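Student: I would like a close look at a single part of this protein. Please walk me through it in one go, and say how each label was reached.

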Amino acid sequence: MGQNESVRVYLPATLDEVRPGADLPARQAHAVTPALRQALPDADDEGREYVAQLTAADAALALLTADPDAPRLRVVVAADVAGARPTPDAGPTTVVLPGPVTPDQLACLLVDEPQAAADVAAAANGDHTAADRLDERDLLWYDVSEIGFVPRP
């Protein structure tokens, strides 16, 4: 992860933050880092990226806990960002971004289907059974051109 090397990061977000043409605020994101490679030596990069994505989905749930007015869906934004710095003390996937994520850096969105909203709301309120059900759900893939068309609960 060099200073000018672009790396795929998975940024937790809320649905209200993701708008066509809008920057996303810099915050902790998740990526395949040297620490993750060391932690999962037998996994391939696709498997490691999935771990980073799932960790970002958990962080998106935490964002919803802090913002009770946001639509109750987990959102993960995949972006290609240069200058992301690993912070292994915060977790093997955690990176710090050098600044806001701009629309031209976005690769895709990963979002819960609207039917997951009740489980997302319950999990954000501490319901471990609902959180377990969310672990069984895959996030839906959206192209960046579809940002304005992501269904809301």
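Tutor: Start with D132. The model is predicted. D132 has a relative accessible area of 48%, so it counts as partly exposed. The cut-off explains the label: exposed means over 50%, and buried means under 20%. D132 sits in helix α4, which covers residues 128-135. D132 also belongs to a negative surface patch.

Next, G47. Helix α2, residues 45-66, holds G47. G47 is partly exposed too, because its relative accessibility is 28%. Now take V32. In sequence, G47 and V32 are 15 residues apart. In space, their C-alpha atoms are 9.6 Å apart.

Now turn to strand β6, residues 106-111. Of its 6 residues, 5 are buried, so β6 is largely enclosed by the rest of the structure. Strand β6 has two partners to look at here. One is strand β3, residues 75-82. Strands β3 and β6 run antiparallel and are joined by 5 bridges. In this pairing, A79 stands opposite L106 of β6. The other is strand β7, residues 140-143. Strands β6 and β7 also run antiparallel, with 4 bridges between them. Here C108 stands opposite D143 of β7. As a general point, side chains in a regular strand alternate between the two faces of the sheet.

G47 is partly exposed and lies in α2. Strand β6 is largely enclosed, with bridges to β3 and to β7.

Terms used: Residues numbered from 1 in each chain as written. Predicted model: local features only at pLDDT ≥ 70, side-chain atom pairs only at ≥ 80, totals over all residues. Heavy atoms only, no water. Patch = residues over 30% accessible without salt bridge, like charges linked within 9 Å, V, L, I, M, F, W, Y side chains within 5 Å. Areas by Shrake-Rupley, 256 points an atom, 1.4 Å probe, with all protein chains shown as cover. Salt bridge = Lys/Arg side-chain N within 4 Å of Asp/Glu carboxyl O. Lys, Arg positive; Asp, Glu negative; His and termini not counted. Charge placed at Lys NZ, Arg CZ, Asp CG, Glu CD. Helix = DSSP H or I, 4+ residues; strand = E, 2+ residues; numbered from the N terminus. Buried < 20%, exposed > 50% of the residue type's maximum accessible area, 1.4 Å probe, protein only. Pairing = 2+ DSSP bridges.
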